[in-house]
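User: I've got this one open on my screen and would like to talk through its surface. Can you take me through it, a question at a time?

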Amino acid sequence: LKWVPDSWMLPLQYWIKLGRWPNVKNPQRWTEKLQLYKMYYRNPVLPQCVDKYEVRKYIEEKGLSDTLVKLYGVWDNANDIDFNSLLN
């Protein structure tokens, strides 16, 4: 349903989950404000930052690589992980 605009889908999902329509014209609740944020805030770096592997590149570009924890590996499938090698 990617063709459905966020301005329709998010209020519908809000209603399904919480049993009430969000007040998008004058939001009072934190959850209503969060829906507006999701609808209208578009920062080009967000897609990179939601991926826990790709965000490492962004952090390194900012010169903060010393804050990153050790990366043991990246796998596309959990069955590919050799757990014995991780214990060493």
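Predicted model: local features only at pLDDT ≥ 70, side-chain atom pairs only at ≥ 80, totals over all residues.

User: By class, how many residues in the lining of the largest pocket are nonpolar, polar and charged?

Analyst: The lining is made up of Lys-52, Tyr-53, Arg-56, Val-69, Lys-70, Leu-71, Gly-73 and Val-74. Lys and Arg count as charged, Gly goes with the polar residues, and Tyr, Val and Leu are nonpolar. That gives 4 nonpolar, 1 polar and 3 charged residues.

User: And what volume does the largest pocket have?

Analyst: Lys-52 and Val-74 are among the residues that line this pocket. Its computed volume is about 190 Å³.

User: Which helix gives the largest share of the nonpolar patch?

Analyst: The patch covers about 540 Å² and is built from Trp-30, Leu-34, Tyr-37, Tyr-41 and Leu-46. One of these, Trp-30, sits in a helix that spans residues 30–40. With 3 residues, the largest share comes from helix α2.

User: Now the charges. How many salt bridges does the count come to?

Analyst: One pairs Asp-6 with Arg-42, where the closest N and O atoms are 2.6 Å apart. Another joins the side chains of Glu-54 and Lys-57, at 3.3 Å from N to O. The count comes to 2 salt bridges.

User: How many residues apart in sequence are the parts that Asp-6 and Arg-42 tie together?

Analyst: These two form a salt bridge. Asp-6 lies in helix α1 (residues 6–18), while Arg-42 is in the loop between α2 and α3, so the pair ties together parts separated in sequence by 36 residues.

User: Of that pair, which residue is exposed?

Analyst: Exposed takes over 50% relative accessible area. Asp-6 has 32%, so it is partly exposed. At 53%, the exposed one is Arg-42.

User: Where do Glu-54 and Lys-57 both lie?

Analyst: Their side chains meet in a salt bridge. Both are partly exposed, Glu-54 with a relative accessible area of 26% and Lys-57 with 39%. They are 3 residues apart, about one turn of the helix, and that helix is α4 (residues 54–61).

How values were computed. Residues numbered from 1 in each chain as written. Heavy atoms only, no water. 1 Å grid on protein atoms, 1.4 Å probe; cavity = no way out; pocket = protein on both sides within 12 Å on 5 of 7 lines; lining within 4 Å. Points joined across faces, edges and corners; volume = space filled by probe spheres on them. Patch = residues over 30% accessible without salt bridge, like charges linked within 9 Å, V, L, I, M, F, W, Y side chains within 5 Å. Areas by Shrake-Rupley, 256 points an atom, 1.4 Å probe, with all protein chains shown as cover. Salt bridge = Lys/Arg side-chain N within 4 Å of Asp/Glu carboxyl O. Helix = DSSP H or I, 4+ residues; strand = E, 2+ residues; numbered from the N terminus. Buried < 20%, exposed > 50% of the residue type's maximum accessible area, 1.4 Å probe, protein only.
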